[in-house]
Amino acid sequence: MSARPPLRIFVLDCEVLSLAVRGDRKMVARLDLATRGEAEVVTSSTTVVEAYNGRITEQRWDWVLSKLSVADIGKDEARQARRLLADVKLPTPLRRAISGHFHVVE
């Protein structure tokens, strides 16, 4: 017997992915559905980079990414692109202003 496809599919844009990494209860509940195989949660690799803002820990990003599928390029490439953005050398006040939403070219 073949595996049954998920009942729901959630496609995350930058705003919704940002909610997920910030721990929004509704989004965490959707990620839990994916963990239980009751839904599929998908985003694009460029959305992962676009949603980066420097205030969320690497561990939190890894946890969220472990719960969803990343389309286009792989998760490793998306993480690396986000890390490149994080490694931009700017003075501290400006560094906090780095945001994938404003500084990534898709």
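Student: In what order do the elements run from the N terminus on?
Tutor: From the N terminus on, they run β-α-α-β-α-α-β-α-α-α. The chain has seven helices and three strands. Helices (H or I, at least four residues) and strands (E, at least two) are DSSP runs, numbered from the N terminus.

Student: What kind of model is it, and how are residues numbered?
Tutor: This is a predicted model: local features need pLDDT of at least 70, side-chain atom pairs need 80 or more, and totals for chains, interfaces and linings use all residues. Residues are numbered from 1 along each chain as its sequence is written, and side-chain values use heavy atoms, with hydrogens and water left out.

Student: How much of the chain is buried?
Tutor: Buried residues make up 36% of the 106 residues. Buried means under 20% relative accessible area, exposed means over 50%, and partly exposed is in between (1.4 Å probe, protein chains only).

Student: What share of the contacts links residues 24 or more positions apart?
Tutor: Such pairs account for 73% of the contacts with a separation of 6 or more. Contact means heavy atoms within 4.5 Å.

Student: Let's zoom in. Where is alanine 20, and is it buried or exposed?
Tutor: Alanine 20 is in helix H1. Its relative accessibility is 0%, so alanine 20 counts as buried.

Student: Which residues is alanine 20 in contact with?
Tutor: Leaving aside neighbours within four places in sequence, alanine 20 contacts Met27, Leu31, Arg60 and Val64. Alanine 20 and valine 64 are 44 residues apart in sequence, yet 7.0 Å apart in space, C-alpha to C-alpha.

Student: What about serine 18, buried or exposed?
Tutor: Serine 18 counts as buried because its relative accessibility is 12%. It lies in helix H1, residues 14–21.

Student: What does the side chain of serine 18 reach?
Tutor: It reaches the backbone oxygen of cysteine 14, at 2.9 Å.

Student: New topic. How many salt bridges are there?
Tutor: The count comes to four. A salt bridge here is a side-chain nitrogen of Lys or Arg within 4 Å of a carboxyl oxygen of Asp or Glu.

Student: Which residues are linked in a network of them?
Tutor: Asp62, Asp76 and Arg79. Aspartate 62 meets arginine 79 at 3.0 Å, N to O. Aspartate 62 lies in helix H4 (residues 58–66) and arginine 79 in helix H5 (residues 75–86), so the pair ties together parts 17 residues apart in sequence.

Student: And the link to aspartate 76, what's the distance?
Tutor: Arginine 79 and aspartate 76 meet at 3.7 Å, N to O. Both lie in helix H5, three residues apart, about one turn of the helix.

Student: What does arginine 36 pair with?
Tutor: Arginine 36 forms a salt bridge with glutamate 38, at 3.1 Å, N to O. Arginine 36 counts as exposed, at 51% relative accessibility. Glutamate 38 is partly exposed, at 33%.

How values were computed
Polar contact = N/O pair within 3.5 Å; in protein donor to acceptor, adjacent residues only side chain to side chain.
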